Amino acid sequence: MSAEPNVRTLTIDGEEISARSDQTILEAAREHNVDIPTLCHLEGLSEVGACRLCLVEVKGARRLLPACVTQVAEGMEVTTHNPKIDRYRTMILEMYFAERNHVCSVCVANGNCELQSLSLKLGMTHVEIPYQYPRLPVDASHPRFTVDHNRCVLCTRCVRVCSEVEGANTWGVMGRGGQSMVITDLKQPWGDSETCTSCGKCVQVCPTGALFEKTSVGSKAHKHPEFLPYLQIMREGEKP
Amino acid sequence: MSELTTLATVWLDGCSGCHMSLLDMDERLIELSSQFRLVYSPLVDRKTFPDHVDVTLVEGAVASEDDLKKIRKIREHTHILVSLGDCALTGNVSAMRNTFGVQPVMLRVYEQNADLQKQVPTVGVPALLDRVRPVHEVVPVDVFVPGCPPSADTIYQVLSELLAGKVPTLGGVAHFG
């Protein structure tokens, strides 16, 4: 079988590009250095389309589509930036800030946070949506790591890396809508978890200060999610 | 003198860090002082807010009845109102009490954790609002300057642009924290 990959031709922001038929708009765009902001996406993990920051306009579609889970198609005309898209993205970002208690100045991830960098990147200076100020727990029962739900954006990177890469399935999501929370095992304290291997992958992929290592806060809290693609390449090589 | 742009700075519920950052402009303050006249501020002695101020920088969130009264008056008498720093913009640390409510916080501070004269102060201090709020939730704001505190460079940029007759936008320049 010499399956020649199917090539699709589409335009992104007026530029004609080619992409493999199994690629998403996000993959095709990034391959051609077109910048689309993302938060839940992480190289090396499956896509869930949870954060909605990668919304793009596709001609003929009645609503904006998340670029990370929309496959390219022949003749597709994609717009990645215009006033409407920018307004939606800023609004989504504001919702993240308003939903929980992201107090950047006293956060362990201040200066190393993807949510914070996104606000700079998208030019958000303040939040118009009223802050919710929910009362949320902090679980520091694990000897090395802490989960602070005040900072969680429910991107589910921790859930995916734990399941897809570590294979431990410690992390999950419970509840619905605004009541959703990431949990360890059956909502047991992280320190009591029987499945957690303490590998720390969830901490490295967390975009905010929701998951952090107790010994590295502030300027030392830089995270290293870049191990993922390498790990996957190595594992691919081991397959028979 | 009267042709100089008038500037006021106010300090609501914040730590004064934004005012420190303002002073951190160092020698650039001298340059700016030839173009601004500081008419009301914790740094000068005037007791009442003037009838008309061109630019007012607000540090801090709106946390008490007194803050609320002040900010409404300031808005009324200010041409361009600048929210300076995260407390004014987001509530920041000041607003961390919002998840608990006023009464439990007061009891915690003045009774449970006090050794002497356990009592919640009521005389000579303004009543706290149920919720600490960002300035723009209470009155319209013209310029938003994020940062805890905003850097001296950022404040200098804001003041310079205002003097040049522009309304600065800090999008892509400064962020929270």
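Two strands count as paired if DSSP finds at least two bridges between them. Strands (E, at least two residues) and helices (H or I, at least four) are DSSP runs numbered from the N terminus. This is a predicted model, in which local features need pLDDT of at least 70, side-chain atom pairs count only at pLDDT 80 or more, and totals for chains, interfaces and linings use all residues. Residues are numbered from 1 along each chain as its sequence is written, and chains are lettered from A and ligands numbered from 1 in the order in which they are written.

**Sheet of chain B**

In chain B, five strands make an open, parallel sheet with the order E2-E1-E3-E5-E7. Its edges are E2 (36–40) and E7 of chain B, each pairing on one side only. On average, neighbouring strands of this sheet are turned by 25 degrees against each other, direction ignored. Angles otherwise run from 0 to 180 degrees between N-to-C directions, with axes fitted as lines to C-alpha atoms, for helices over the stretch in contact. E3(B) and E5(B) run parallel and are joined by six bridges; B:Glu59 stands opposite B:Leu84 in E5(B).

| Helix | Strands touched | Angle |
|---|---|---|
| H3(B), 65–76 | E1, E3 and E5 of chain B | about 135 degrees with E5(B) |
| H6(B) | E1, E3, E5 and E7 of chain B | about 165 degrees with E7(B) |
| H2(A), 83–99 | E3 and E5 of chain A | about 155 degrees with E3(A) |

**Helix H6 of chain B**

H6(B), residues 152–163, reaches 16 Å between its first and last C-alpha, close to the 16 Å expected for its 12 residues; the expected span is 1.5 Å times one less than the number of residues. B:Thr154, B:Ile155, B:Val158, B:Leu159 and B:Leu162 are buried (20 or more other C-beta atoms within 10 Å of the residue's own, with C-beta atoms placed from the backbone). They lie on the same side of H6(B) because they cover an arc of only 130 degrees around the axis, taken from the directions from the helix axis to the C-beta atoms. Their cover includes H1 (17–23), H2 (28–33), E3 (53–59), E5 (78–84) and E7 (143–145) of chain B. After H6(B) comes B:Gly165, with a positive phi near 85 degrees.

**Chain A and the interface**

Chain A has an open sheet of five strands in the order E2-E1-E5-E3-E4, with mixed pairing. E1(A), residues 7–12, pairs antiparallel with E2(A) over six bridges, and A:Val7 stands opposite A:Arg20 in E2(A).

The contact takes 21 residues from chain A and 21 residues from chain B.

Technical notes:
A residue is buried if 20 or more other C-beta atoms lie within 10 Å of its own, exposed if 12 or fewer, and partly exposed in between; C-beta atoms are placed from the backbone. Two residues are in contact if their C-beta atoms, placed from the backbone, lie within 7 Å.
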